[in-house]
Amino acid sequence: MKIIQVSDQLEGGKVAVDILRRKLAEGAKTLGLATGSSPLTFYKELVDSDIDLSNLVSVNLDEYVGLTEDDPQSYHYFMKENLFSHKPFKHSFLPNGTSHNAEEETEAYNRILAENPVDFQILGIGTNGHIGFNEPGTSFDSQTHLVDLTPSTIEANARFFETIDQVPTQAISMGIANIMAAKSILLFAYGKSKAQAIAGTVSGPVTEELPASVLQNHADVTIIADAEALSLLNN
Ligand code: GLP
C-alpha cells in the first residue's frame, strides 16, 4: 500500500487528479466512483481540469434503497451535482435504489461490472472501516448485494438528512470482491474519526470485521490522507 499524506482535503483532491492523469495515460477507460464528503475535492478539481471524461465509463459503488434519482439525498443526485452535470461520461452506472426487485437489481449490476471492469476505483472509508456500504462482517467474496446499514453508519450519515429517521436503512452496494477486482484503487481519508479505521486498514489483521483491511491483499492501492486520519498509524 502506498500512503500519501496531504495537508488537507484540497491538496488531496489535486494529488488524486494527478494520479488519475497517469492512469488515463496508461489506458484506464472505466472509473469506479464513490460518494461521501471525502472525494468531493477530487471531483471539484476534476471538473476544473482539462480532463475529458466523455469517452470513459463510470460505475458507482452504491445507492440507498428507496430514494429516487432526483431525491437530493440520493447518490444519483450527489453524482449529478458534483460531477456528471459538469463533465458527463460516455455512460454512468449506479445501482437503482427504487427497483422493486432488489435481487434482480444486484444481479443486473454484477453483469454491468463484468462488462465494464474497473480500471481505477475511488473509495472513502466509514468510521467502522466500511467501503462502499460493505459493513463489518461482509464476506470478502461478496458481489453486489442488498445491505442492512448498521446503526453506526446510519448515525454517521444522518448529518446529510434533516432527521435520523429519514436516513434509509438499506442500500445496494458493490461487494468486496467487486471492489478488489479493480486494477487500481485510491482511498481518501480525512479527520480523526477515520484514524482507527485507517490504522486497521494499513497495519491491522486482514479481517472481515474491518472490511477495508482486505485492501492489504490488493497489488495497487494508494491512500490519500491527512495527518489526523494517519495519527494512529505506527511510524
Ligand atoms: C458512506 C458511503 C461510503 C463513504 C462513507 C464515508 O457510508 N457509502 O462510500 O466512504 O460514507 O463518507 P465520508 O467521506 O463523508 O466520511
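**The core and its neighbours**

Reply: In this predicted model, the largest nonpolar core contains 69 residues, and those with the most contacts inside it are L33, F42, L83, I122, L187 and I224.

Me: What makes a set of residues a nonpolar core?

Reply: The members must be buried residues of the listed types, including Leu, Ile and Phe, and must be joined through side-chain atoms within 4.5 Å. L33, F42, L83, I122, L187 and I224 belong to the set of 69 residues.

Me: Which residues does L33 touch, leaving aside those up to four places away in sequence?

Reply: L33 touches Y43, S58, V59, N60, L61, M79, L83, F84, F89, Q121 and I122. Each is called a contact because heavy atoms lie within 4.5 Å.

Me: Which residues of helix 2 are buried, and against what do they pack?

Reply: In helix 2, residues 40-48, the buried residues are T41, F42, Y43, E45 and L46. They pack against helix 1 (9-25), strand 2 (30-33), helix 3 (75-84), strand 6 (120-123) and strand 9 (184-189).

Me: Why is S49 called buried?

Reply: The relative accessible area of S49 is 16%, and the cut-off for buried is under 20%. S49 therefore counts as buried. Its place is in the loop between helix 2 and strand 3 (57-60). Beyond residues up to four places away in sequence, S49 touches R21 and K87. The C-alpha atoms of S49 and V17 are separated by 8.4 Å, although the two residues are 32 residues apart along the chain.

Me: Why does the radius of gyration agree with a compact globule?

Reply: For 235 residues, a compact globule would have a radius of gyration near 18 Å; the chain has 16 Å, and therefore agrees. The C-alpha atoms fill a box of roughly 50 × 40 × 35 Å along the principal axes.

Me: What share of the residues is buried, and what share of the contacts joins residues 24 or more positions apart?

Reply: Buried residues make up 54% of the 235 residues. Of the contacts with a separation of 6 or more, 79% are between residues 24 or more positions apart.

Technical notes:
Residues are numbered from 1 along each chain as its sequence is written. This is a predicted model: local features need pLDDT of at least 70, side-chain atom pairs count only at pLDDT 80 or more; totals for chains, interfaces and linings use all residues. Side-chain values use heavy atoms; hydrogens and water are left out. The radius of gyration is taken over C-alpha atoms; the globule rule is 2.2 Å times the number of residues to the power 0.38. Buried means under 20% relative accessible area, exposed over 50%, partly exposed in between (1.4 Å probe, protein chains only). Helices (H or I, at least four residues) and strands (E, at least two) are DSSP runs, numbered from the N terminus.
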